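Reader: I am new to this one. Please show me how to read its features.

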Amino acid sequence: MRRFYIFIFIISLAAMIAFAQKIEINFWEGMSGNLGTTLDQITAMFNEQSTDVHVNLLYVGNGSDLDSKLIAAAETKTLPTMAQAYPTWAAALVSKGVVVPMDEFSDFNNVASEIYPAVLDIGKINSRIYGLPFNQQSYLLFYRPFMFQEAGLKPPTTLDELAADAKILTVKENGKVVRYGLGFRDQSWIFTVIAKQFGGGEYMKNGKITIDSTANLKAMNFLLDLVKNGYAYTKQGYFDNELTTSSVAMIIGGAANLPFDLSDIAGQSDGIKMVPIPVGPAGKISPVLAGELLLIFNTSSKVEQEAAWEYTKFLLSPSIQLYWAIHTNYSPLNVKVPTLPEWKTYVDQSQYGVSAITSGLDNAMSYAQNLPWWTSLDSAIGTAFEDVMNSYKSPQEALIWAQQQAEQAENMFYQK
Amino acid sequence: MKKQKKKIIYFFYYVAAVILAIFAIGPLVWMVDTSFKTNSEVLSYPPSWGTINAMPSRNLTADIVKTRAGQSSNPSALSLEALLGSLSTAQTTTLASPDTIAIHVLGASGYRGTGTMPRRGTLTISLINNEGDLASYPTKFSTSDFNKVVSEISSISPLSNDVKQSISNLSQYTSDPQEYILNFYDAFLYGSNPIFSRINFISNLLNVDGMSSFQDQLAIFKKGIGPLKGIELKEISKILENALNLTTNPSVKAEISKYLNDITLYLDFDQFYKAQKQTKFDQPIELAFIPKSNQLKIVKAPSIVESAYTSGDQIYITFNNTSFVWFLNDNVSVRANYNFWEVLANFFDNYVSAWNSAPFGIYYFNSIFVAVATTVLNIIFDVMMAFAFSKLTFPGRDKIFMAILATMMIPYTVLLVANYLIIHSLGWINTYYALIIPWSATAFVIFLMRQSFNSIPNDLYDAAKIDGASSWRFLWTIAVPLSMPVIITGALLTFLGSWNSFLWVLIMTDTTNMRTLPVGLQNFIINSGAIFNQLMAAATFTMIPVVIAFLFFQKYFVSGFFRSGIK
């Protein structure tokens, strides 16, 4: 009889091993190039460590490609287990009822307690956390250290200093500007970044559109004055040529651009350094973030959802956030990262001022807001900003126009 | 006279043709040229044709790492496993040996395509002092001189608070001269907030009562690269001595003396430091890369060089019993040399990186399979449909034809979601069916072929009928051979369309195994911009099959358009 039990035990053990398959989940992501390679390495490590979950990474194009595919898949209920999405598309997917609120998972509070609360709010829709941020980059001020040293200047910490430095660093030869103090793209996010320093930049407050506000007007005038006085240069595209030819001293840009900008000037002895966006009347370092959220979909089974949650926790753990930040320059969102000795060594060794990517994260705000109709609002602000910088409209006129456009877009969305 | 005129006209024709050819081929040539460049060359202005990758040697911009923090191993050079390992053991990152000098090569590994220092060839590294000669190091370090200078500088007083604090911190290292020297220069010149940082030191000095009258003389020292240099400190000393003579106020005098003493202290120590370095390097250090290894082989070097390796953007050289602190104030020049095969490898580096950054082998197979299958199906179906619209008569023929033409007017992105729903309901997502079947007939090619069939006289069709040929036989044995250029044109158009198709493939497939070359190209475009050199390299090898196809069939392609009446 004993032999029989042992036999049964061995057979069932063998069967368990044979049938113990990992739960496979599909993750649609939009990380290409170096970002994709880093995510591959992280996921391979997770798959190796996890005894019961296997994540299939599926690259689905970046930005709008991923978003349009998600919307199409939501219609056909062919969504993967999880995906990355920008806040506005996350809101659209939430309104379709396909997203699992992250706060439903058992140990959500443990995970949430390690993420900066302001950053956690990026995924908050209708007062529930539907998405957790993963790849969020901070907008910063990039500057050329040699130009500052030659002029005997320190990098600016306030907007007033920024304006003063831009004036000093602007160089004219034979009446023609050969170097501008500041360069920025006339796109909505730049305006939002500066408006935030004036206490604005948040265009939807308590259910009301607040584009036409005093703070936003001040920000618009601040940038316009710099351009009008000839100390700042603005254009639509990237500032890569301006870096290689050293024709701007400062640029407002996203932290994840740093490796790109560095490769533009690879081999030149004058590098690039980063500092937080100088503080304005808002009084403290107020970074604006841009990036995607992680979403888990309820079209998959409960077991798959739990598996996706395990992977999400792994992605947001301190060590993975450390590795991700070091290799991509996205901000580490876990509050423990800045306390890790490896992070401190990395910051000490960095010649690029990488500590700026963690500055003020407890006071951060997402550039994109999680409203399903946010793209219309964003495009109205972009147009208004461009019109002001090109002197087609006065700052006040442009903000009133953008406010009207956004109100129309909101009405149209809810009429549908 | 007439002949002359004709010649002139021909001359202008040729000039026009050459200009057109330049406009048409120029971008292609630029694309291929760009694919060999480094990224900074791609973006340099004014643009140039050449690339450093084709040169047998190059100078690299490099700095000596002057701080202890810079000496320790960089977390960014660790693999994920190694980083997690170091986190779990809670060890601080290991410091390189004090006898190891770290040289940072700017942009060495690169981010977009090739870096400035490909891992091949040899490196000639010269450590150079401020006079431009090869650097020196001590062979007989005098501990008694060290003790003497330490006691001398410790007795200097009064000092400014920062310096006083630093000297008191340094006292812990008096038994370890090298550590003392490293921390001394860290405090005064190279640390995160050094005493002789231009702006801070001069601003503090100008804040001293009575010093504002020296504003003009001192403010110029604020401008300059790096911390204040020895020669500048001497000039500042002179200004301070002058100020000391002019002032009568004892408290101001005391304050100025503090700064003067700070400088004297530094210069005394610096003199001791320089005096210790008696032996000069007799030759530069020549190192060779070892394939698939971080170690560097010493080809030729002064006897004190023991070993060398690279990690990340840094080159580490270990000396025999000589600390790196003796080279803190020196500069470094790095020259890389390559033999013919290494130049070739540098030249095609972007191609290798581009090919390795995505599974291009799979993409190639899929692209060829899908494009060929689509083209074959198109020829079969389009020919039959075009023939029906051209020669057969049936009710509603022209209306159906117009309906097919009308599909050309709708941008296909508008229909993408609807198409996705159809493909999904057929269960074709992630299959070759989704990539081939919906594209197995093309309205434009049908139109093209119909125009060509229209040009075949109906009499020919009638004659064939009278001779007993069926419509099927007439189509394949008479009409198709007569319209061969148009059919090949249609086939080429279909092939090109399928080869370049991006959004459709991206939306209808989820796995790498089902994707085609244009999706692979997307790998080089990320939110922050494009990796131009690799993108151009990938575009070049993606384009090759299409160019070959065009070269083979170009005479049909051109005559096909003429026959269909499209110019």
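Author: Start with one spot. Pro158(B) sits in the loop between helix 5 (143–155) and helix 6 (161–170) of chain B. Helices (H or I, at least four residues) and strands (E, at least two) are DSSP runs, numbered from the N terminus. Residues are numbered from 1 along each chain as its sequence is written, while chains are lettered from A and ligands numbered from 1 in the order in which they are written. This is a predicted model, where local features need pLDDT of at least 70, side-chain atom pairs count only at pLDDT 80 or more, and totals for chains, interfaces and linings use all residues.

Reader: What kind of peptide bond joins Ser157(B) and Pro158(B)?

Author: A cis one, with omega about 0 degrees. The bond from Tyr45(B) to Pro46(B) is cis too, with omega near 0 degrees. Pro46(B) belongs to the loop between helix 2 (39–42) and strand 1 (57–60) of chain B.

Reader: How do I read the confidence?

Author: pLDDT is the predictor's confidence in each residue, from 0 to 100. Where it is low, the predicted coordinates should not be read in detail. Chain B averages 88, and 95% of its residues score at least 70. Among the elements of chain B, helix 3 (residues 68–71) has the lowest mean, 70, and strand 7 (residues 285–289) the highest, 96. The model scores ipTM 0.80 and pTM 0.85.

Reader: How many helices and strands has chain B?

Author: It has 24 helices and 13 strands. Its radius of gyration, taken over C-alpha atoms, is 37 Å.

Reader: Into which domains is chain B divided?

Author: Domain bounds come from an automatic or database domain assignment. Here they are domain 1 (2–52), domain 2 (57–138 + 283–347), domain 3 (143–276) and domain 4 (353–563). The C-alpha centres of domain 2 and domain 4 of chain B lie 54 Å apart.

Reader: Is helix 7 of chain B largely enclosed or open?

Author: A residue is buried if 20 or more other C-beta atoms, placed from the backbone, lie within 10 Å of its own; with 12 or fewer it is exposed, and in between it is partly exposed. In helix 7 (residues 177–190) of chain B, 11 of the 14 residues are buried, so this helix is largely enclosed by the rest of the structure. Among them are Tyr180(B), Phe184(B) and Phe188(B).

Reader: What about nonpolar cores?

Author: Nonpolar side chains tend to be buried together in soluble globular proteins. A nonpolar core is a set of buried Ala, Val, Leu, Ile, Met, Phe, Trp, Tyr and Cys residues joined through C-beta atoms within 7 Å. The largest one here has 243 residues; Ala90(A), Leu93(A) and Leu295(A) touch the most other members. Helix 7 of chain B gives this core its largest share, nine residues. Apart from it lies another core, of 14 residues, including Val42(B) and Phe524(B).

Reader: How many residues of chain A are in contact with chain B?

Author: Contact requires C-beta atoms, placed from the backbone, within 7 Å. By that test, 52 residues of chain A meet 51 residues of chain B. Several helices of chain A supply at least two residues each to its side, including helix 2 (33–49) and helix 14 (318–328).

Terms used: Two residues are in contact if their C-beta atoms, placed from the backbone, lie within 7 Å. The radius of gyration is taken over C-alpha atoms; the globule rule is 2.2 Å times the number of residues to the power 0.38.
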